[in-house]
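Good morning, colleagues. Please look at the sequence and the structure as they come up on the screen.

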Amino acid sequence: MKTNDIFIIIATAAYSYLFYNQSAGINFMLFSMLIVLLLYMKEGSLLKQRTWLAAATGTLLSSFFVFWWGTTLPVLANVCSLAVLAGFSFNAQSSLLFAAGNALVSVLISIPRFFQSAAKEQEVQEGKPSILKKIMLLSIPVCIALVFVVIYCDANPIFAKFVGQINFDFISFDWVFFTTVGFFVMFGLFNIYVLRVNDKDKNASDSLRLITEEEHVQAGSGKWLSAENELLIGVVMFALLNLVLLTVNGLDVYYMWFVNRLPDGVTVAAFLHDSTDTLIFSILLAIAVLLFVFRGYLNFVEHNRWLKGLAYGWLAQNILLVITTANTNWWIIQSSGLTRRRIGVYVYLGLCVIGLVTTFIKVAQQKSNWFLFRKNAWAFYAVFIAGCFFNWDGIIVDYNCKNYKSLELDYIDRGYQAELSHTCLASLFSYYAQEKKEENTSKQVFTRPVVNAMYENYRKLELEIKTEGLQSYCYSKHYNLKEVEHLAEAVPVK
């Protein structure tokens with residue numbers, strides 16, 4: 001049996017045992033540690049590859065925070081990290097985007113690749129077929145036999161009654177399906193299909209090579225548009241875009257920082273919710289325009305100082321637009337409290353700033369477009385992993401309850417607090433206990449529906465922990481349950 005086949009079987013067995021009918025917890029951490037170990041055992045030289053080490057670190061960190069928090073964000077980060085890690089295991093020189101893409105494609109086409117690989121297997125060791133070929137050969141007659149069982153059950157009621165009396169309770173078809181899916185996922189991760197375009201990705205330089213005017217003329221756009229005319233179009237376009245954005249930023253700065261209010265008929269919430277998605281789209285579009293204009297010869301053409309200066313000005317104005325939007329978001333937080341969406345706005349704006357800064361570097365240092373995708377992919381991945389460090393729901397509850405009580409918030413969505421994850425359940429009961437002791441309850445957070453929802457979440461968490469195995473052990477779940485058990489005695493529902 002090949003070493004890689006053994007690793008696939010081990011990984012599949014671990015996947016089935018750790019995740020079947022379990023929730024997110026220590027199983028993610030144990031599984032991630034196993035995959036990192038197996039990939040290292042498969043190719044020991046990976047320890048010398050910085051990209052693989054970075055992905056392995058992200059995988060282990062995200063898996064730890066799945067065990068610690070048990071929430072969706074670290075789960076998603078861990079799944080993405082495992083895909084990137086597997087991709088780098090087969091091609092450490094690829095970019096992060098291609099590493100993840102190779103892994104995703106490998107998993108999607110794992111079923112046909114498995115049967116293709118098994119069919120091509122040569123007999124090894126004393127003429128015995130490999131384990132993959134054995135599985136393929138055995139699965140074919142079993143599947144055909146099951147098809148005929150179904151046909152005969154439909155054609156012969158006596159046979160159907162006989163089959164119906166057979167007790168198949170000892171076979172869990174859900175487990176069989178779950179494990180089969182896990183096997184093909186593991187087969188894909190341990191047999192990465194490297195796309196042909198990886199060679200171009202591997203050989204792509206971060207810096208643009210010097211492009212001559214003759215090469216520009218021979219290129220697609222150079223055949224119908226001269227460099228001088230393209231330069232003129234670029235200067236006029238960026239001048240107009242700067243003028244439009246200057247008007248937008250000027251109005252925002254005037255109303256937010258000088259008048260310190262919005263025009264009549266415009267609410268802060270409507271302004272933010274309507275503008276954030278559009279803002280992000282406009283920044284992506286701005287970066288796309290810059291990538292197109294500075295894709296080649298205009299980086300080296302003489303007299304392009306005006307073009308670059310206007311491009312820098314537009315980038316700076318986009319960053320100012322991000323700042324004004326962040327300020328608007330802060331206005332809402334100060335008046336109505338924190339939510340996941342409002343935290344997400346800051347994350348999106350931060351990613352926009354990263355994209356704008358790397359675009360500035362690309363233009364200033366004559367970098368290739370692929371440089372931008374490579375660097376931004378790593379930057380965004382780092383932000384993704386860093387987000388796993390924090391208990392965001394706990395931060396939301398702490399900020400809202402403290403500031404609402406101190407009269408700094410005009411409004412609080414009481415029901416929203418009870419809709420958050422288990423990571424803030426102990427904090428909610430703690431604040432509820434404090435409110436019960438206060439004489440002045442003019443600004444109550446915990447109304448009867450909120451309290452009932454909290455206790456319902458508490459009972460769900462208690463049942464979840466009782467019905468799940470050690471594979472699902474999560475520190476935050478047990479900690480919150482233990483804390484709530486003590487607090488619930490002091491603040492019973494009345």
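Predicted model: local features only at pLDDT ≥ 70, side-chain atom pairs only at ≥ 80, totals over all residues.

Residues are numbered from 1 along each chain as its sequence is written, and side-chain values use heavy atoms, with hydrogens and water left out.

Let me begin with the salt bridges. The term stands for a side-chain nitrogen of Lys or Arg within 4 Å of a carboxyl oxygen of Asp or Glu. A search of the whole structure gives four of them. One of these joins the side chains of Arg 340 and Asp 393, at 2.7 Å from N to O. The pair links distant parts of the chain, 53 residues apart, with Arg 340 in helix α15 (residues 340-364) and Asp 393 in helix α17. Helices here are DSSP runs (H or I, at least four residues), numbered from the N terminus.

Is Asp 393 buried or exposed? Asp 393 counts as buried, at 6% relative accessibility; buried means under 20% relative accessible area, exposed over 50%, and partly exposed in between, with a 1.4 Å probe and protein chains only. Arg 340, at 44%, counts as partly exposed. Beyond its neighbours within four places in sequence, Asp 393 is in contact with residues including Arg 340, Leu 420 and Cys 424, where contact means heavy atoms within 4.5 Å.

I turn now to helix α20. The buried residues of α20 include Val 450, Met 454, Leu 461 and Ile 465.

Glu 464 meets Lys 477 in another salt bridge, at 2.5 Å from N to O. Lys 477 lies in helix α21 (residues 475-490) and Glu 464 in α20, so this pair ties together parts 13 residues apart in sequence. Lys 477 is buried, with a relative accessible area of 5%.

Finally, the surface. Leu 37, Tyr 40, Met 41, Leu 47 and Leu 53 form a nonpolar patch with about 450 Å² of accessible area together. Such a patch is made of residues with over 30% relative accessible area and no salt bridge, with nonpolar side chains (Val, Leu, Ile, Met, Phe, Trp, Tyr) joined within 5 Å; areas come from the Shrake-Rupley method with a 1.4 Å probe.

Methods:
Helix = DSSP H or I, 4+ residues; strand = E, 2+ residues; numbered from the N terminus. Patch = residues over 30% accessible without salt bridge, like charges linked within 9 Å, V, L, I, M, F, W, Y side chains within 5 Å.
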